[in-house]
Amino acid sequence: MEGGRATVLVVDDSRTKRYLLVSWLSRAGFETIEAENGAEALARVESERVDLVVLDVRLPDLSGFEVCERIKVSHPATPVIHVSAHAIDVVDRAQGLTRGADAYLAEPIEPEELVATAHAVLRYYQARQRAELLAERLAALADATVSMHAAPNFVRLLEAAAAGAARIFKSPAVVVAETFEGDCLAGVVAGPGADPSVVPWLVEESGLPIGATVRVDEPGAWGLVDWPAGDTVTVVAARLREDRPPLYVVVPTATQTVRTPVLVQLGQAVASAVEAQRSFDEEHRIAVTLQRSLLPRRLPEVAGLDLAVRYEPASARTEVGGDFYELVMLDGHLLMAIGDVAGHSLHAATVMAELRHAVRAYAVEGHQPGVILDRVNELMRTLLPNELATICVLLLHPGSGLIRLASAGHLPALVSVDGRVEFIQQSAPLLGVRAPRPPDLEFVLPAGATLVLYTDGLIERRDATIDEGMAALAAVATRVDDDLDRFCERLLVELAPPEIHDDVAVVAVRRR
């Protein structure tokens with residue numbers, strides 16, 4: 001209804017009857033348009049906004065029953081009132097209602113009866129449209145809520161929230177929230193189906209109460225997207241706790257119904273998802289800080305060797321893991337180790353710390369790599385009987401380049417020299433398994449060669465095999481940068497996914 005007035009299409013081949021019907025409806029406050037036959041009526045319904053059709057049963061080209069049926073097929077939410085001076089018996093009225101009409105008036109028609117019937121059917125359809133719109137929006141709200149809570153990080157959450165708001169209200173949308181680190185970001189989407197983006201956006205506001213507050217703003221205050229011309233924007237500010245800043249959901253005011261129920265529910269749903277993400281980010285930051293504190297704090301300086309490491313924890317939606325590494329000089333040899341405890345949890349990180357310290361302790365006693373692993377395995381099976389881990393331990397003599405290596409189910413070490421790559425493979429059982437171990441491997445790392453140890457997070461992909469991952473690693477490692485730190489960084493950039501689902505540890509040593 002434009003301007004609050006319903007538009008009625010009056011269809012009758014009698015000019016006199018049309019005049020009377022139009023006069024009565026116009027005096028009652030309706031906008032009216034006319035058609036004198038069925039074909040013209042169908043054309044006007046398709047080309048113009050029609051809220052109600054008053055339709056004569058007998059027309060020169062089509063029956064009113066057929067016209068009604070065809071209107072209902074293409075516009076089921078458009079009500080139709082049949083009027084007739086001829087088809088007035090029970091059979092005709094029953095046929096008209098059965099074939100889609102919402103009311104049937106037999107002449108002579110009283111003006112008050114026509115107007116009252118028109119208002120009644122319009123009230124019914126308006127209530128039905130409101131109910132259908134609410135149901136559609138609530139279904140889209142449920143989908144958006146699931147998407148927000150499934151988001152792997154804060155940026156994806158904002159994208160899901162903005163895209164959900166755009167789908168719910170079929171309009172542009174903006175969602176603004178503050179991260180755990182205090183960065184204020186806005187999820188922006190130009191309309192339903194458009195790709196969302198996230199940009200910095202600061203809202204300077206204070207004193208908002210706990211709960212949801214709705215207000216109307218000028219669109220210029222939220223100039224992140226092209227809002228519909230001539231409209232304002234409606235903003236819901238949602239706040240769950242006194243110690244948390246509010247978040248905002250912004251949509252065009254024309255999309256809103258009385259009391260904005262769905263917008264308020266959306267704001268509360270976004271606030272709940274943001275709070276869960278902030279809490280997770282805070283806990284994850286604490287866990288990662290603890291995990292990093294269990295790893296070596298500095299690299300040893302060894303004459304004739306260049307050393308570099310990179311450690312990247314999994315993306316924020318994944319718990320901390322049990323990847324670890326070791327680099328320490330003991331009695332003229334460099335002890336190198338890398339390992340991965342099964343599982344992703346703070347528990348896995350604490351098991352990792354125990355294994356790392358056990359390796360150091362047995363190495364200090366002067367044992368060779370295979371003996372170190374035998375003793376760590378016995379310790380693990382005794383004190384940590386339900387745990388499994390992979391590990392590779394080696395001792396490198398810097399002067400001669402002689403390496404003695406033992407592995408327990410870990411990925412093979414990689415040696416790169418003069419553009420050639422070789423994997424040093426030793427098949428051996430995991431830690432935590434009672435099984436015979438093979439003897440240590442011995443080989444020489446030539447001058448100018450680089451040895452790389454790594455965990456599976458570097459090469460494993462959900463859409464690729466482990467062999468494909470190792471082939472990709474070999475291809476990248478054919479060239480070793482002069483700066484070994486840059487080489488390790490390049491391995492992560494070129495091999496690890498944008499969102500790391502498993503911890504990644506890389507240890508590299510080059511013999512000059």
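Why does valine 433 count as partly exposed? At 34% relative accessibility, valine 433 falls in that class, since buried means under 20% relative accessible area, exposed over 50%, and partly exposed in between (1.4 Å probe, protein chains only). The model is predicted, so local features need pLDDT of at least 70 and side-chain atom pairs count only at pLDDT 80 or more, while totals for chains, interfaces and linings use all residues. Residues are numbered from 1 along each chain as its sequence is written, and side-chain values use heavy atoms, with hydrogens and water left out.

Valine 433 is located in the loop between β18 (420-424) and β19 (441-444). Helices (H or I, at least four residues) and strands (E, at least two) are DSSP runs, numbered from the N terminus. Together with Leu388 and Leu430, Val433 forms a nonpolar patch on the surface, and the three have about 200 Å² of accessible area together. Patches are made of residues with over 30% relative accessible area and no salt bridge; like charges are joined within 9 Å, and nonpolar side chains (Val, Leu, Ile, Met, Phe, Trp, Tyr) within 5 Å. Accessible areas come from the Shrake-Rupley method with a 1.4 Å probe, and for residues only the protein chains shown count as cover.

Proline 245 is also in a loop, between β10 (233-239) and β11 (247-252). Proline 245 counts as partly exposed because its relative accessibility is 32%. Apart from neighbours within four places in sequence, proline 245 is in contact (heavy atoms within 4.5 Å) with Glu178, Arg239 and Arg278. Its C-alpha atom is separated by 35 Å from that of arginine 310, 65 residues apart along the chain.

Helix α3 (residues 64-74) has Gly64, Phe65, Val67, Cys68, Ile71 and Lys72 as buried residues. They are on the same side of α3 because they cover an arc of only 160° around the axis, the arc being that of the directions from the helix axis to the C-beta atoms. The elements that cover these buried residues include α2 (38-47), β3 (52-56), β4 (80-84), α4 (90-98), β5 (103-106) and α5 (111-150). In α5, the buried residues include Leu114, Val121, Tyr125, Arg137 and Met148. The 40 residues of α5 should span 58 Å at 1.5 Å a residue, which agrees with the 59 Å between its end C-alpha atoms. The expected span of a helix is 1.5 Å times one less than its number of residues.

Side chains of opposite charge can pair when their charged atoms come close. A salt bridge is a side-chain nitrogen of Lys or Arg within 4 Å of a carboxyl oxygen of Asp or Glu, and by this rule the count comes to 31. Aspartate 102 and lysine 72 meet in one of them (2.9 Å, N to O). This pair links distant parts of the chain, with aspartate 102 in the loop between α4 and β5 and lysine 72 in helix α3, 30 residues apart. Aspartate 102 is partly exposed at 27% relative accessible area, whereas lysine 72 is buried at 15%.

A salt bridge also joins the side chains of arginine 215 and glutamate 205 (3.3 Å, N to O). Arginine 215 lies in strand β9 (residues 211-217) and glutamate 205 in the loop between β8 (197-200) and β9, so the pair ties together parts 10 residues apart in sequence. Lysine 17 and aspartate 12 form a further salt bridge (2.9 Å, N to O), and both are buried. Asp12 and Lys17 are linked with Asp56 and Glu107 in a network of salt bridges.
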